[in-house]
Every structure is written in C-alpha cells, then in structure tokens.
Amino acid sequence: LETKKLFNEKYFNYEKGFYGQNSQSGNAIPLNIGLCPEGYEEKVIKNIVDDIVAHDYHLTTGNQGYKHMLEILAENGYEDVAIKIITNETYPGWGYMIANGATSIWERWEKEMDSTMNSFCHPMHGSVDYWFYKYLGGIDADKNADGFDTIVIKPLIPTDIDYVKSEFESPRGKIVSNWEKKDGKVYYHIEIPASSKARIILKNKKEFIVYNGTYDFVEEM
C-alpha cells in the first residue's frame, strides 16, 4: 500500500486522470496491475480509449504493453474497441499482417520480406492469442485453482463477431467454449473436463456452477 501511494504521488495526475505523459502503456499497466487510485479508474480508461481513437484504432504501446492494453479494454467493457484494434488492416497491427499475407505473427510490424524480416513466426506480439482464449472464448482458471480444477467460463460477445469456437487442453482435459449469434439469441456450447468444477457467466450475467460434462445455454442478445 505504501508503494502504491508513493507511486501515485509521483506519477499520477489526479486532476486529469492519467499517468506520466498520458501514454497508452503508461496508463494501461498501472490500471491493470491495481495501482490506480480507487475511484479514478473510469478517468484513466477514458484517456486510454480517447488516445486509441485519436490514433485511428492503433496501439502505441511496446510489446510489454500490448497484454495490459487488451486486457483493460476487455475488463472495462471496451471489447469492441479491442476488436477494432486487432482487425485494423492499416499499419501497424495484427490486421495489417493478415492483410499482407501473414499466416503467423511476425516479429516486426513492418512489411519486410526476405532477409530483412528476422522471423515470420515470433511470440513478441503474441499476447493477442492469449486474449482470444481468455476473453472471446472466456476460458480461464479460477485465481485459486490447482491445475485447472476450478475453471471460469466468461465469454465476451463483441458486436462485430458472430461466433467463436475455442478449446484448450488443460492439465485435466479439454475445455471447450463455443458461442454463436443466431436469430437475436446467443447459443453457448461448453464442455468441462473430468475432476473439474466451472463457474459459467453468460452475457446477461447469469451464473451457473457445473461439474464435468457438456452444457448448452441460450439467451437473448
């Protein structure tokens, strides 16, 4: 608590609600790791989103900041903004890679071919893969889990995505979390492996505690 207090005294602008020079990473990392002063979270996230929009839905973070940026957008109801960033086909971004023929994540944002690109399959910008599983599929281990014995399934349902199919091979077996929009409803299909318990949280915030097995749910959009 003392470290948090001193950090905020030095770097946080209480009047305007941002850290340091109001950069995306400078705001996202303290917010995501719990350093933001209580009651100022909305101001910080607004500054982040405003900056993203000002950069035409591009990130200005380095590879240490991508994970935090995408997470705080999803955790604060801005998953649609995150999707716009990820699918943006202009430089720099993951969508730009795909638009230029990428089938895996490059080491660099630039479209460099032949010997000028160090690696066409590199983990440096790969935090987006984790984001797909945790937020679109909604698959995560409970914070007190032991080897995925307790699972959380909490998929987000972005506006511009019609379906998601995701599965993860946990230490206890395969976890499946699929959903699809159809006729004004969301259809979920979830599979929980043996010796596991899961807390399922749907879009409308309804919660279910289930054990190993297969489960299907339907809810209005």
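Student: Buried means under 20% relative accessible area, exposed over 50%, and partly exposed in between (1.4 Å probe, protein chains only); where on that scale does Asp-50 fall?

Tutor: Asp-50 has a relative accessible area of 39%, so it is partly exposed. This is a predicted model in which local features need pLDDT of at least 70 and side-chain atom pairs count only at pLDDT 80 or more, whereas totals for chains, interfaces and linings use all residues. Residues are numbered from 1 along each chain as its sequence is written, and side-chain values use heavy atoms, with hydrogens and water left out.

Student: Okay, and which side chain does Asp-50 meet?

Tutor: Asp-50 forms a salt bridge with Lys-46, at 2.8 Å from N to O, where a salt bridge is a side-chain nitrogen of Lys or Arg within 4 Å of a carboxyl oxygen of Asp or Glu.

Student: Why would two such side chains pair at all?

Tutor: Side chains of opposite charge can pair when their charged atoms come close.

Student: Where do Lys-46 and Asp-50 lie?

Tutor: Both residues belong to helix 3, and they stand 4 residues apart, which is about one turn of the helix. Helices here are DSSP runs (H or I, at least four residues), numbered from the N terminus.

Student: How many salt bridges are there by that rule?

Tutor: The count comes to 6 salt bridges, and one of them joins the side chains of Glu-110 and Arg-108, with an N to O distance of 3.4 Å.

Student: Which side chain meets Arg-199?

Tutor: That is Glu-207, whose side chain meets the one of Arg-199 in a salt bridge of 3.3 Å, N to O. Arg-199 has a relative accessible area of 31%, so it is partly exposed, while Glu-207 counts as partly exposed at 48% relative accessibility.

Student: Switching topic to Phe-132, which helix is it in?

Tutor: Phe-132 has its place in helix 7, the helix that covers residues 127-136.

Student: And why does Phe-132 count as partly exposed?

Tutor: Because its relative accessibility is 33%, Phe-132 counts as partly exposed.

How values were computed
Helix = DSSP H or I, 4+ residues; strand = E, 2+ residues; numbered from the N terminus.
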